[in-house]
Amino acid sequence: MEKVYDPHKIEEKWYSFWVEKGFFRAYNNPSGPPFSMVIPPPNVTGSLHMGHALNNTLQDIITRYKRMAGFNTLWVPGTDHAGIATQNVVERELAKEGLSRDALGRERFIERVWQWKEKSGNTIIEQLKRLGSSCDWSRERFTMDAGLSRAVREVFVRLYNEGLIYRDNYIINWCPRCKTALSDLEAEHEDTHGALYYIKYPLADGSGALTVATTRPETMFGDTAVAVNPEDPRYKKYIGGYVILPIAEKKIPVIGDSYVDTAFGTGVLKVTPAHDLNDFEIGKRHKLDTVRVMDDEGRMNENAVHYAGMDRFKCRNKVIEELKEKGLLEKIEPYNLGVGKCYRCKTVVEPTLSTQWFLRMKPLAAPAIEAVRQHRVRIIPEMWEKVYFDWMENIRDWCISRQIWWGHRIPVWYCDGCNEIYVSAEDLHRCVKCNGELRQESDVLDTWFSSALWPFTTLGWPEETEDLKNFYPTSLLITGFDILFFWVARMIMMGMRFMGDVPFREVYIHALVRDAEGKKMSKSRGNVIDPLIIIEKYGTDAFRFSLTMLAAQGRDILLSEERIEGVRNFVNKIWNASRLTLSFLEGHASLEDEVKKTPVPSDFLPDRWILSRAQKVIRDVGEAIDAYRFNDAANILYSFIWREFCDWYLELIKPNLYGKITSFSSTATKNILIKVFTDTLKLLHPIMPFVTEEIYQRLPVRDAQSIMISPYPVFDEGMVDEKAEAEMAVIIGVVDTIRNIRGETGIAPNIRIDVAIKTDKHRGLLDGYSYYIKELARVDNLSFISQEIPEKAALGIYEGIEIYVPMKDLIDIPKELGRIEKEIIKAEEELKKLDIKIKNPSFLEKAPEEVINKNRMLYESMLEKMNKLLASRDMFKKIMEG
C-alpha cells in the first residue's frame, strides 16, 4: 500500500467502477423499501459552485446511507433549461460572430441553443460526478426533453380548462435588459439610498398647487390623476377638482381614495396606473386611463413629450432640472427604498402594464398550506415553516409568461381571421371555425413552471409508470432556502393538484456557504472558493468531509482553505491507520473464517473497549444522519477515528500484535480489529466515498463487491460494555495526566521519566496494564506508593488518583520559573491591550464584524496561553516548596 494517499489515482477509477457495475441504479422489483429523491436541477449554463457542492454532498450522503441500509434507493438527476440565463449565453456567443437572435429568426436561434446545450450543457453533470454524486444516471432528465415537454403542455391545458390560467393586462416586473416579464420572486429587492422629490402640481383654477412626493419623477408623464385620502381634512375640498401635470401641461383630476397614506410625504399621491401596482388598482377603481411612458428597453416613449428616446434614469435628472427652472420643485429629501432588480442581470426592473399570462395561486396554495400544517410535508429546520406560511397565505397570482424564445412555448394558438383562441397539448395549424392559419403564442413559460412539476414528471407522468407507482411521493428534498418559494412551494402546490399527494415527505433546508469571516462569497469581493480547484488540490473526500463537519442546521457554513487542509490531514490519518491495520492482518489464513463469527471474546481490555465504543458510534452516527444533523455525524466519526481508534487503540494493540506481549490472544484482537475497522469504513463511506472504497477493496475479508452496496452497520446493544469503557477511561486519564505534566514542565519527548502512583481503588487495573501506560507516556519506572511522596515531584490528579513525576535532575527549576515569569508578563500586556480593544464602543461600532471576531479569538487564544503559563508556574512553585 502506497505510503502517501493520492486521491487523483483512485477517484476516477472507483467512480467508473460504480457506474459500470450499475450500483447507482434503482429497480422496480425491489427487495427493500423505496427511498427516492429528485435533484434540484442545476442550470445547463452552470458550473459547480459552493452551493451545488454542499447541496449535492448532503444528498449523496443520504443516498449512500439509505442504499447501504437496504433501501431501494433512487436519486433522480437532471438539469434545468434555464430560459433567460441560457438565452443570454447563446446571444453573447452570437454577438461575437456579429449576429443577433433577431437576425437568425426564432427557429434557427432555437437550433443554436440546442447545439450549445449538446456541446456545453453537460458540464455541470460531469462536475457532479467528480463530486462523487451517486445518481441513477440511466434516469437523467432535462426540463425540455420530450417527456417533460409533453407533461408541461398537459398541465397548462388542464389548468387553463379549470379556469386557473388566464391572460390579462396587469402590472408586472419588466427587465429592460432581458426584455421579459419577471415574477415577483425574480425581482430581487435591494435596500438603496434614493431620494424623495417634492413636486408642485398647479391647481387648474390657478389658486395654488398640490405638492406630491415621489421617488420616480420620470414616470409623471403617465400620471392620470392625483389622489388624496377622503378623510384628510387638508385636502378634502380639492376632490373633484383638477391639477395641471407639470411639463406635459395636461389637466388631470384630483380623486379621493382610502389607499392614500396621510403620513407619507405630503399626503398627496401621484397616480400612474401603467407603472405602479397600487396605482393600477386605484386606476381600476376610478376608471382612470393607463398611459405607458417607457418602451421595452427602458427608454422614454412619445408620451414623455420632449424626453422621448431618452434613458429613464437620464430622463429623471433632466426632469428635475426642468422642474427647478419652472419653480415646481419644492425640495429633495434623502430616502431609503427597496429597489427591485432582475435576478439574472441585476438591471433595475420597471413596473409596467403589460398583457401577460397568469396562474391563479390561491386555489393551489390552500391545500399546500394544509399539507405542511398537517406535517404531510415536514420542513426541517422547523423555523422555515413560518416563512413558508407567511408567503403562501399572502400569495399573489403568478405571471408565468416570458418574452424570450428559449423555453416551453405557451400552447395557445390565435386565429387572426376570426379572433378564435385555442389551447391544446398538441400542435394546431388551422382554425376550426374559419379554416384560417393559426399563429402560436410567441411567449414561453417561466422556467420555474416546468421545474414545479419535476418530482412527478421525471418519474413519467402523465403516463402511469412503474417509477411513479414505486417512487412517488419522493422521500426527501434537500435544497437551499433561497428557492423555498421559487421551487419548493410551487412543487407542493403542483404535486397536490396533479398527483393528489405531496411531492416529498420531508424537506431539509440547508444554509449558505460563506467565507471564513462570514461574508457571502462573490467575484467582486474576490473571496470565492472554487470547489473544482479545492478538489484538485485536496481531493474530493477532504472537501466533502469539510462541508459536512460544518453543516449544522440553521447555521451558515464559514469555510476556509485552511480548514479543508486540516481535513486532508485527517484523510491521511485514515490512510496511515489502514496501512498499519492491514499490516497487522497480513498473512493470517484463519482470519476469513474467524470474522464470519461473532467477534471472539477477548481478555484484553482495549479490545472490549473499542468494540463497545464502536457500537455507540454506529448508533450515534445513524441517529445523526436520520435527523439530518450531518455535522454531528462527521464530528462523531472524526473524534472516534482520530482519538480513540488511531491514537489509543492502534497504539495499545501494537505490543500484542508485534509479539512483545503474549499474555493476550492476538487472534481475538485481530478479529475485533477487522470488525471495528470495517464498520468504521462503512460509517465513513457516505461522507468519504473514495478513500473508503480504496481501503475496503484491500481488506482481507469483504462482505460485498463494493463498500457502497455492503450492509450498513447495525447497533448491537449486546456488544456495549460499560465496565470496559469505565476502566479504559481510567487508563487514558492516567496517561493524559502524565503527558500534561511533561508538557507543563517542559520535559522533552525523548526523555523517559519515573512515575509514582497513589491509589487504592484502581491499583490492580493500572498494575495489570502498566506496560502499556509506560509505553504511551514514555515512562521508565512506574511504581505504586501508599504514604511516602517523592521529593521535588510534580503532581497531577485524575479522579482521585495521585500521579507524581520526580523532577530532580530532569530540569533546572529556577531557570524554568524565570522564563515562565517573563512569558506571563508579556502575555499580561497583550491581554490588556486586546481587552481594551474588544470593549471599546468605538471599535465595536465602526470595525467590520470579521475584524471584531478575529480580535476576540486572539483574546481567547492569549487567555488560554496565560492559563497554561500560570498552571506551569504554580506547579514549579509547589515542587520547589515540596
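Student: How do the residues lining the largest cavity divide by class?

Tutor: That lining has 7 nonpolar, 1 polar and no charged residues. Here Ala, Val, Leu, Ile, Met, Phe, Trp, Tyr, Cys and Pro count as nonpolar, Asp, Glu, Lys and Arg as charged, and the others, Gly among them, as polar. Keep in mind that this is a predicted model: local features need pLDDT of at least 70, side-chain atom pairs count only at pLDDT 80 or more, and totals for chains, interfaces and linings use all residues. Residues are numbered from 1 along each chain as its sequence is written, and side-chain values use heavy atoms, with hydrogens and water left out.

Student: What makes a space a cavity and not a pocket?

Tutor: The test runs on a 1 Å grid over the protein atoms alone. In a cavity, a 1.4 Å probe fits but cannot get out; a pocket is an open set with protein on both sides within 12 Å along at least five of seven lines. Lining residues have an atom within 4 Å of a point.

Student: How many cavities of 30 Å³ or more does the structure hold?

Tutor: The count is 3. The largest cavity has a volume of about 60 Å³. Volume means the space filled by probe spheres set on the grid points, which are joined across faces, edges and corners.

Student: Which residues line the largest cavity?

Tutor: I574, A577, I641, F645, F677, T680, L681 and L684. Two or more of the lining residues come from each of α18 (561–585), α21 (630–657) and α22 (666–684). The largest share, 4 residues, is from α22. Helices (H or I, at least four residues) and strands (E, at least two) are DSSP runs, numbered from the N terminus.

Student: What is the volume of the second largest pocket, and what lies nearest its centre?

Tutor: Its volume is about 1200 Å³. The lining has 44 residues, and T215, R216, D276, L337 and P351 lie nearest the centre. Elements giving two or more residues include β5 (165–175), β7 (187–202), α8 (277–286) and β14 (350–359). By class, the lining of this pocket divides into 18 nonpolar, 14 polar and 12 charged residues.

Student: Is C342 buried or exposed, and how do you know?

Tutor: Buried means under 20% relative accessible area, exposed over 50%, and partly exposed in between (1.4 Å probe, protein chains only). C342 has 0%, so C342 is buried. C415 has 2%, so C415 is buried as well.

Student: How do you class S475 by accessibility?

Tutor: S475 comes to 18%, so S475 counts as buried. S475 sits in strand β22 (residues 474–480). Contact means heavy atoms within 4.5 Å. Leaving aside neighbours within four places in sequence, S475 is in contact with P34, F35, S36, R505 and E506.

Student: What makes a set of residues a nonpolar core?

Tutor: The members are buried Ala, Val, Leu, Ile, Met, Phe, Trp, Tyr and Cys residues joined through side-chain atoms within 4.5 Å. The largest core here has 216 residues, and L359 and F449 touch the most other members. α21 gives the most to this core, 14 residues. Apart from it lies another core, of 31 residues, including I199 and M220.
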